[in-house]
Amino acid sequence: MHLDGTPVKSCTTLAVMCDGHAIDTVESLEKDGVLDPVQQGFHELHALHCGFCTPGMLMTSRALLNENPTPTDHEIRTAISGSICRCTGYKNIVSAVQWAAAHEAGARGEA
Ligand code: FES
């Protein structure tokens, strides 16, 4: 989840700590039936298997692209290093974030 736009672990964030702050969960990514480019990238690049880590990976990736629209693979791996994926080996997750970055760059007319 995001606390005032910053990704935090919802499992270690108490509700009382959120009082007065803006909270965004993975459900906030899709807008009016349109998936966020990060969600689209995960779908296109098959960046999940069991899906256990996916909400956290999506929210962390979204926050990264909000801060850094053109991350390197290393920057993506650093950003998601707080989340453990037992299934994918991370390669498709990194590719999915790069897909989203390219998609958004195209929407900005930069690619
Ligand atoms: S997709 Fe299964 S833990 Fe990441």
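Which side chains meet in a salt bridge at 3.0 Å, N to O? In this predicted model, the side chains of Arg-62 and Asp-36 are the partners in that contact. Arg-62 belongs to helix H2, which spans residues 54-67, whereas Asp-36 is placed in the loop between S3 and helix H1 (37-44); the pair therefore ties together parts that are 26 residues apart in sequence. Asp-36 has a relative accessible area of 11% and is accordingly buried. Arg-62 likewise counts as buried, because its relative accessibility is 8%, and buried here means under 20% relative accessible area.

A further salt bridge is formed by Arg-62 with the side chain of Glu-104, at 2.6 Å from N to O. This pair links distant parts of the chain, with Arg-62 in helix H2 and Glu-104 in helix H4 (residues 91-107), 42 residues apart. Arg-62 and Glu-104 are both buried. Through shared partners, the salt bridges join Asp-36, Arg-62 and Glu-104 into one network. The count of salt bridges in the structure comes to 2.

Aromatic contacts were examined next. A pair of aromatic rings is described by the distance of the centres and the angle of the planes. The structure holds 0 aromatic pairs.

Strands of a sheet pair through backbone hydrogen bonds, either parallel or antiparallel. Here, 3 strands are arranged in the order S2-S1-S3, and their pairing is antiparallel. Strands S2 and S3 stand at the edges with a single partner strand each, so one side of each is left without a neighbour in the sheet. Strand S1 comprises residues 2-3 and pairs with S2 over 2 bridges in the antiparallel sense. Within this arrangement, Leu-3 stands opposite Thr-6 of S2.

The loop between strand S2 (6-7) and strand S3 (23-24) contains Leu-14. This leucine, Leu-14, counts as exposed because its relative accessibility is 53%, the threshold for that class being over 50%. Together with Val-16 and Met-17, Leu-14 forms a nonpolar patch on the surface. The accessible area of Leu-14, Val-16 and Met-17 together is about 320 Å².

Gly-20 is also placed in the loop between S2 and S3. With a relative accessible area of 78%, Gly-20 is exposed. The C-alpha atoms of Gly-20 and Asp-4 are separated by 9.7 Å, and these two residues are 16 residues apart along the chain.

The loop between S3 and H1, which holds the buried Asp-36, also includes Val-34. In Val-34 the relative accessible area is 52%, and this residue is therefore exposed. From C-alpha to C-alpha, Val-34 and Leu-64 are 20 Å apart in space, and 30 residues apart in sequence.

How values were computed. Residues numbered from 1 in each chain as written. Predicted model: local features only at pLDDT ≥ 70, side-chain atom pairs only at ≥ 80, totals over all residues. Heavy atoms only, no water. Phe/Tyr/Trp six-rings, centres within 6.5 Å; stacked < 30°, edge-to-face > 60°. Patch = residues over 30% accessible without salt bridge, like charges linked within 9 Å, V, L, I, M, F, W, Y side chains within 5 Å. Areas by Shrake-Rupley, 256 points an atom, 1.4 Å probe, with all protein chains shown as cover. Salt bridge = Lys/Arg side-chain N within 4 Å of Asp/Glu carboxyl O. Helix = DSSP H or I, 4+ residues; strand = E, 2+ residues; numbered from the N terminus. Buried < 20%, exposed > 50% of the residue type's maximum accessible area, 1.4 Å probe, protein only. Pairing = 2+ DSSP bridges.
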